[in-house]
Amino acid sequence: VVILGLFPFQILDDGGDLTHWIYKKYPNMFKKIKGIVEESVTGVHRLYQLSKAGKLCVPAMNVNDSVTKQKFDNLYCCRESILDGLKRTTDMMFGGKQVVVCGYGEVGKGCCAALKAMGSIVYVTEIDPICALQACMDGFRLVKLNEVIRQVDIVITCTGNKNVVTREHLDRMKNGCIVCNMGHSNTEIDVASLRTPELTWERVRSQVDHVIWPDGKRIVLLAEGRLLNLSCSTVPTFVLSITATTQATAAYPSVFSTQALALIELYNAPEGRYKQDVYLLPKKMDEYVASLHLPTFDAHLTELTDEQAKYLGLNKNGPFKPNYYRC
């Protein structure tokens with residue numbers, strides 16, 4: 001939250017928690033906020049719920065669905081951090097391990113790609129038929145969690161939903177199964193159901209608990225169901241540069257992130273440009289953030305000729321895709 005004195009001018013949120021706290025506790029203050037920028041799937045979903053109910057009284061920018069956020073934070077970053085987090089906490093080998101990934105959104109896609117590349121046998125659960133079809137076309141077996149819960153070595157949640165892994169699932173897991181969460185919400189795994197007298201908790205190391213059943217079976221719970229990549233791994237500076245920061249570094253000079261541009265856009269927007277609704281980050285800004293990071297790879301963009309630009313009906317400087325287009 002950006003503070004001027006004691007008055008929040010804008011909200012920069014991740015998950016919608018701050019937005020909902022101010023909305024419920026300080027409703028008069030909430031109405032005076034210049035704008036909200038939200039970067040997570042869960043938070044955007046909550047914003048759309050407020051909007052649908054007619055309770056969103058300030059404009060909000062959905063940064064999560066900008067391509068630079070979806071791909072770099074959700075897909076590419078999670079593709080690396082899932083392995084990093086599991087290695088740091090368990091020192092395990094991935095080859096031949098059976099893994100079920102719950103959810104095949106961008107985060108799930110990244111996790112599945114990394115685990116498959118390491119030689120794991122990967123199953124996917126999904127509610128969305130389009131994401132499910134993508135999982136099938138990418139070579140993953142689409143299953144219901146109940147079908148594989150007894151045999152898998154690792155369970156990873158990536159949905160942003162609640163009670164994806166229930167106490168019934170946990171009871172049926174095999175001895176030594178690793179359970180972790182990569183989605184935003186820490187409610188995906190029903191951890192509360194494990195805090196009962198018949199189960200013993202044993203802290204093995206930081207962020208690693210063994211939950212032991214009366215018959216001696218134990219599961220390995222990571223970060224108590226919180227986000228594995230934030231609790232047990234690191235986020236590369238390159239990803240932060242794209243999605244979250246405005247600070248220039250030697251590696252990424254004069255860089256503006258999608259979140260920073262969204263805040264600036266809402267703050268400087270003339271009266272009436274944005275109504276009390278949720279908006280996607282303008283495609284031009286999304287492309288601008290990407291272009292700022294290309295020099296890191298010594299990458300050289302091809303430029304349209306005047307004839308080509310006219311043929312495609314585009315401005316030579318972009319935007320090159322309509323705002324609704326998702327890569």
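How much area do domain 1 and domain 2 bury between them, and what share of it is on carbon and sulfur atoms? Hi everyone, let me start there. Please keep in mind that this is a predicted model. The answer is about 620 Å², with 45% of that on carbon and sulfur atoms.

Let me place the two domains for you. The domain assignment puts residues 2-65 together with 245-281 in domain 1, while domain 2 covers 69-232. Their C-alpha centres are 30 Å apart. As for who takes part in the contact, domain 1 contributes 9 residues and domain 2 contributes 7.

Which residues on the domain 1 side lose the most area to domain 2? They are Glu-39, Thr-42 and Asn-64, and together these three make up 54% of what that side buries.

The search turns up 0 salt bridges between domain 1 and domain 2, and 1 residue pair in polar contact, with both residues at pLDDT 80 or more.

I'd like to show you two of the pairings. For the parallel sense, look at β5, residues 98-102, and β6, residues 121-125, which pair over 5 bridges. There you can find Gln-98 opposite Ile-121 of β6. For the antiparallel sense, go to β10 and β11, the latter being residues 208-212; this pairing also runs over 5 bridges. In this case Arg-203 stands opposite Asp-209 of β11. The hairpin that β10 and β11 form has 2 residues between the strands, and Gln-207 there adopts a positive phi near 70 degrees.

Staying with β10, where does the partner of Arg-205 lie in the chain? First, the pair itself: the side chains of Arg-205 and Asp-91 form a salt bridge, at 3.0 Å from N to O. Arg-205 belongs to strand β10, whereas Asp-91 is in the loop between α4 (67-90) and β5, so to speak a distant part of the chain, 114 residues apart. As a reminder, side chains of opposite charge can pair when their charged atoms come close. Over the whole structure, the search gives 14 salt bridges.

A cis peptide bond connects Gly-318 to Pro-319, with omega about 0 degrees. You'll find Pro-319 in the segment after α13, the helix at 306-312.

To wrap up, the two points I'd pick out are the domain interface, with about 620 Å² buried and 0 salt bridges across it, and the link from Arg-205 in β10 to Asp-91 in the loop between α4 and β5. Thanks, everyone!

Conventions. Residues numbered from 1 in each chain as written. Heavy atoms only, no water. Domains from an automatic or database assignment. Contact = heavy atoms within 4.5 Å. Buried area = accessible area lost by both parts, 1.4 Å probe. Salt bridge = Lys/Arg side-chain N within 4 Å of Asp/Glu carboxyl O. Polar contact = N/O pair within 3.5 Å; in protein donor to acceptor, adjacent residues only side chain to side chain. Pairing = 2+ DSSP bridges. Helix = DSSP H or I, 4+ residues; strand = E, 2+ residues; numbered from the N terminus.
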